[in-house]
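Biologist: Hi! Could you walk me through this model?
Modeller: Happy to, here it is.

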Amino acid sequence: MIDNQETERRIIHAAKQVFIEKGLDGAKMSDIAERAGISRTALNYYYRTKENLFYAIIEQVFDLLLPKVEILSALKGDTAAKVDAVVELYDAVLRQNEHMPRFVFVEIQRNPKLMYDFIEQSDKAQAYLKALSYLLSTGFPRREDAGQFPKTHLITVFFGLQFVPYLLEPLLAMYRGTERMERETFMDEHKAIVKKLLKAYFE
């Protein structure tokens, strides 16, 4: 007999796939139930609406990131070490959750207000943004004469560098190869480049 935790894991996994393929508006609860291998009635027992399921998936993302970002905010050491730590954090999370960038970006394009309203109303999202803002404001001092991007641009550059390889994965695989080892080697190389770029900015 499948326990509740395993059933919920299957539901979340199925919902991620359906939302990526069809978006929130196009997804149906029956699609998610079928993909998860359960009845519609069983799905309703866990999540009454697809919006509740969507919010649960997004909160899962913040559950992964928030504790780690809070720890990084308290890190001591030089800027280079902090850059390494931040990049390693997000790289590890993304490799374990490869769907995340596409899932988030697809829904931002399809329904930006839904994402905006969720972020504004979610305590977890606000706590994450507060911790990230503190980390960027205090964790990476720069020379007074070095110039400074606005924080919003720095966040855009950082997440762009981290997310784009996952968004371009189907195309990159045609050039790089489809074997897992080839992909891991490419991601290791990309991670090293991201660290170098960020360190150059903070010099």
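Biologist: Is Phe-103 buried or exposed?
Modeller: Phe-103 is buried, with a relative accessible area of 2%. Buried means under 20% relative accessible area, exposed over 50% and partly exposed in between, using a 1.4 Å probe and protein chains only. This is a predicted model, where local features need pLDDT of at least 70, side-chain atom pairs count only at pLDDT 80 or more, and totals for chains, interfaces and linings use all residues. Residues are numbered from 1 along each chain as its sequence is written, and side-chain values use heavy atoms, leaving out hydrogens and water.

Biologist: How many aromatic pairs are there?
Modeller: There are 13. Rings of Phe, Tyr and Trp (its six-membered ring) pair if their centres lie within 6.5 Å; planes under 30 degrees apart are stacked, over 60 edge-to-face, and the rest tilted. Phe-54 and Phe-103 make a tilted pair, 5.5 Å centre to centre with 45 degrees between the planes.

Biologist: Which helices does that pair link?
Modeller: Phe-54 sits in helix H4 (residues 50-73) and Phe-103 in helix H6 (residues 100-110), 49 residues apart. Helices here are DSSP runs (H or I, at least four residues), numbered from the N terminus.

Biologist: New topic: what does Lys-16 touch?
Modeller: Lys-16 touches Ile-57, Gln-60, His-99 and Phe-103, not counting residues up to four places away in sequence. Contact means heavy atoms within 4.5 Å.

Biologist: And where does Lys-16 lie?
Modeller: Lys-16 is in helix H1 (residues 4-26).

Notes. Helices (H or I, at least four residues) and strands (E, at least two) are DSSP runs, numbered from the N terminus.
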